[in-house]
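I opened a new notebook page for this one. Below are my entries, in the order I looked things up.

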There are 2 protein chains.
Amino acid sequence: MSQLLDNVCSELQRLPGVGKRTALRLAMHILKMEPEVANSLASSISRFRNEIRHCSCCNNLSDSELCPICSDTQRDRSTVCVVEQVQDLMSIENTGQYRGLYHVLGGVISPMQGIGPSDLKIDLLADRLLTGEVKEVIIAISTSVEGETTLFYLLNRLKAYPDVKVSTIARGIGFGDELEYVDELTITHALKNRREVVKG
Amino acid sequence: MSQLLDNVCSELQRLPGVGKRTALRLAMHILKMEPEVANSLASSISRFRNEIRHCSCCNNLSDSELCPICSDTQRDRSTVCVVEQVQDLMSIENTGQYRGLYHVLGGVISPMQGIGPSDLKIDLLADRLLTGEVKEVIIAISTSVEGETTLFYLLNRLKAYPDVKVSTIARGIGFGDELEYVDELTITHALKNRREVVKG
């Protein structure tokens, strides 16, 4: 078999969800691309890996020292939303409803995987609160066991800043979710956090 | 959002089966790779696209003028197995049971997609038969409408070589297939091509 084909197939198999067959299918697709297109795919991968940086303020992915969100003077610098990973930041950004800043932890506390508080950007968050510019921290991390552990740890750390309001995003029934299929814990939360509505 | 991330995501979306979300997941995975690993993935893609060639004899993918199969002196040069695409050749090679040569057509005749006989490597196959070295041509192309059209076209062309035996691979019930779920056409073929077995 061709060494070049062998090579590209085993390299592609490093990607998540790509097995032997998928790798071959991807390689055959790459073969049909114009050479410039394949080269630009290749160079986008190595440029991304070699040149991407983490924002020195919020730990978001960035092309420069500060990410576009942190350097945007139009955004509300008094609110910081704490998320687990960059994908979560992007999900919130996609709503177009949030005008504050972010803080990307880079994971959650997980003793099982050997991830402790010092492996996350928690000190960096604490540093941001020292200036007094931040008035509210919104914690938007997942409700897994690790997420809850991280939440408790954060709440404890944030006690040191009595002037900073702390909130978590609402838990409840998602739009379009059918009650029949929603888990008990979510329903329990949704009932407990019910909102009074104005009659008529 | 980061331009570098944006870029790699839209490039990855050129791959089959990769949408916006998968592209982001792949990008995040690439971010976790060692830089050398990401660079070697990237360079394997562009080297494959830029340096791969087609074997001048059988049209298989090759790193050089002749593919490893055509240049292997241990193989039986009197038998040529005609396949649609390189993946099919690889499936047959994986059985380890075939010692002859191959001929990769590069597709099947498909008037709907504007693919005619001249778009396939059929003339190259005819050229190979002129030397008289080839004694048998095994046609191993799919049983789709396009495959059958290609088969009939090939049989017609091969009439010009009366000394060359032509065969097609057997159609029948695959190992492990349950009769209950096999389509009628396959069962019909399997019945018609039944083989007598020795009793006791």
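**Entry 1: two helices in chain B.** At what angle do the axes of helix 1 (residues 3-12) of chain B and helix 2 (residues 20-32) of chain B cross? Before answering, I note to myself that this is a predicted model. I looked up the pair and found that the axes cross at roughly 120° and come within 8 Å. I did this because two packed helices are described by the angle between their axes and the distance between the axes. Angles of 65 to 115 degrees would count as roughly perpendicular and those over 145 as roughly antiparallel, so helix 1 of chain B and helix 2 of chain B are oblique to each other. I also wrote down the hand of the crossing of helix 1 and helix 2 of chain B, which is right-handed.

Next I wanted the residues that meet there. From helix 1 of chain B I listed Leu5(B), Val8(B), Cys9(B) and Leu12(B). They meet Ala23(B), Leu24(B), Leu26(B) and Ala27(B) in helix 2 of chain B. I sorted this contact of helix 1 with helix 2 of chain B by class and got eight nonpolar residues, no polar ones and no charged ones.

**Entry 2: the pair in chain A.** I turned to helix 1 and helix 2 of chain A. Their axes come within 8 Å and cross at roughly 120°. I put helix 1 of chain A and helix 2 of chain A down as oblique to each other, and the crossing as right-handed. My tally for the contact of helix 1 with helix 2 of chain A reads eight nonpolar, no polar and no charged.

**Entry 3: where the chains touch.** How many residues of chain A are in contact with chain B? I got 42 residues of chain A, in contact with 42 residues of chain B. On the chain A side, helix 1 (3-12), helix 2 (20-32), helix 3 (35-51) and strand 2 (61-62) each supply at least two residues. Helix 3 of chain A gives the most to that side, with 16 residues. By class, I noted 23 nonpolar, 12 polar and seven charged residues on the side of chain A that touches chain B.

**Entry 4: domains of chain A.** I checked the domain assignment of chain A, which gives domain 1 (3-51) and domain 2 (61-168). The C-alpha centres of these two domains of chain A lie 35 Å apart.

Entry 5: Most residues other than glycine have a negative phi. I found that Asn59(A) has a positive phi, near 75°. I placed Asn59(A) in the loop between strand 1 (53-54) and strand 2 of chain A. Is Asn59(A) buried or exposed? It is buried, because 23 other C-beta atoms lie within 10 Å and the cut-off is 20 or more.

I looked up Asn59(B) too, and its phi is positive at about 75°. Asn59(B) is in the loop between strand 1 (53-54) and strand 2 (61-62) of chain B. With 23 C-beta neighbours inside 10 Å, Asn59(B) counts as buried.

**Entry 6: Ala190(B).** I finished in helix 7 (residues 184-192) of chain B, where Ala190(B) is found. Ala190(B) counts as partly exposed because it has 17 C-beta neighbours inside 10 Å. Leaving aside neighbours within four places in sequence, I found Ala190(B) in contact with Gly172(B) and Ile173(B). C-alpha to C-alpha, Ala190(B) and Gly172(B) are 4.5 Å apart in space, though 18 residues apart in sequence.

How values were computed:
Residues numbered from 1 in each chain as written. Chains lettered and ligands numbered in written order. Predicted model: local features only at pLDDT ≥ 70, side-chain atom pairs only at ≥ 80, totals over all residues. Helix = DSSP H or I, 4+ residues; strand = E, 2+ residues; numbered from the N terminus. Buried ≥ 20, exposed ≤ 12 C-beta atoms within 10 Å, placed from the backbone. Contact = placed C-beta atoms within 7 Å. Domains from an automatic or database assignment. Nonpolar A, V, L, I, M, F, W, Y, C, P; charged D, E, K, R; others polar. Axes fitted to C-alpha atoms, helices over the stretch in contact; angles between N-to-C directions. Parallel < 35°, antiparallel > 145°, perpendicular 65-115°, else oblique. Left-handed = near helix turned anticlockwise from the far one by under 90°.
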